[in-house]
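Notebook open. I want to look up a few spots in this model and jot down what turns up.

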Amino acid sequence: MSAKVRLYVDHPLGAGQTVPLDRDQAHYLFGVMRLEAGARVALFNGLEGEWQAEVAEAGKRGGALTCVEQSKPLQLPPDLWLIFAPIKKARTDFIVEKATEMGAARIMPVATDFTNSERIRQDRLQAHAVEAAEQCGGTFVPEVAELQKLSTLLDLWPAERQLMFCDEAEVGQRLFLNVPQGETAGPWAILIGPEGGFSEGERKRLHKMEQAHVVSLGPRILRADTAAVAALTLWQHSLGDW
Ligand code: SAM
């Protein structure tokens, strides 16, 4: 019988391994989901695939699970970063959740010239990524990086990483990634701007970058959260693991 509840744990997994539960996890499993001793839970830690585990101890403030057997191997996403300028809280949460479901390997908020939001709660966004991975059956949780300046990220840009630059100035053009179907992707990144779009200075710099592929996302201007999902879809379809 396989488990209905999936839980991310920051603990090694393996046959016979005991996994202690903290107060929040115990509350969720025994208070909210009403599991009892002997019930099955699927565990993953982002490193060792998914494991079926049994409730060994169920308490109000803690408990323990015992790993029984592996039910999925680790499935790593392609080496794809999603770089975006944070927008309003709920829409930023949406981007992190969708990027996790769509198979981004790293989620990187950046401050651009016209960024709406100067601060993020990295820990809260990381928790959203964990929840999204629990819900979508993934065995990997992308890291959500701390907010950094786009200009700093571009100063240190790795030579081998290609960049899908989604530029709203290209709206209505038929520009998409000029890569043969079926080609295997190396390191890539997608860049989505804020509500105010990119400044002329940023646009000039990005257009000059050797690794940049300037892309239109169709005949309409999309909101940044829609643009992130559309770009991830296009990239995964052309070069990714779909
Ligand atoms: N304020 C900008 C304007 O009116 O031109 C629109 C910015 S849009 C809301 C937010 C981001 O989504 C853009 O910076 C871009 O990265 C992406 N985006 C939206 N629509 C796009 C399109 N049709 N083509 C390429 N990128 C697009």
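Patches first: I join residues that have over 30% relative accessible area and no salt bridge, like charges within 9 Å and nonpolar side chains (Val, Leu, Ile, Met, Phe, Trp, Tyr) within 5 Å. A salt bridge here is a side-chain nitrogen of Lys or Arg within 4 Å of a carboxyl oxygen of Asp or Glu. Areas are Shrake-Rupley with a 1.4 Å probe, and for residues only the protein chains shown count as cover.

Ground rules: this is a predicted model, with local features needing pLDDT of at least 70 and side-chain atom pairs pLDDT 80 or more, while totals for chains, interfaces and linings use all residues. Residues are numbered from 1 along each chain as its sequence is written, and side-chain values use heavy atoms, with hydrogens and water left out.

Entry 1. I found Y28, V32 and M33 forming a nonpolar surface patch of about 250 Å². M33 sits in the loop between α1 (23-32) and β3 (40-44); helices (H or I, at least four residues) and strands (E, at least two) are DSSP runs, numbered from the N terminus.

Entry 2. Is S199 buried or exposed? Buried means under 20% relative accessible area, exposed over 50%, partly exposed in between (1.4 Å probe, protein chains only). S199 has 8%, so it counts as buried, whereas M33 at 36% is partly exposed. S199 is in the loop between β11 (188-192) and α5 (200-208). Leaving out residues up to four places away in sequence, S199 touches D113 and F114; contact means heavy atoms within 4.5 Å.

Entry 3. I placed H128 in helix α3 (residues 122-136). With the sequence neighbours up to four places away not counted, H128 touches D93 and V96.
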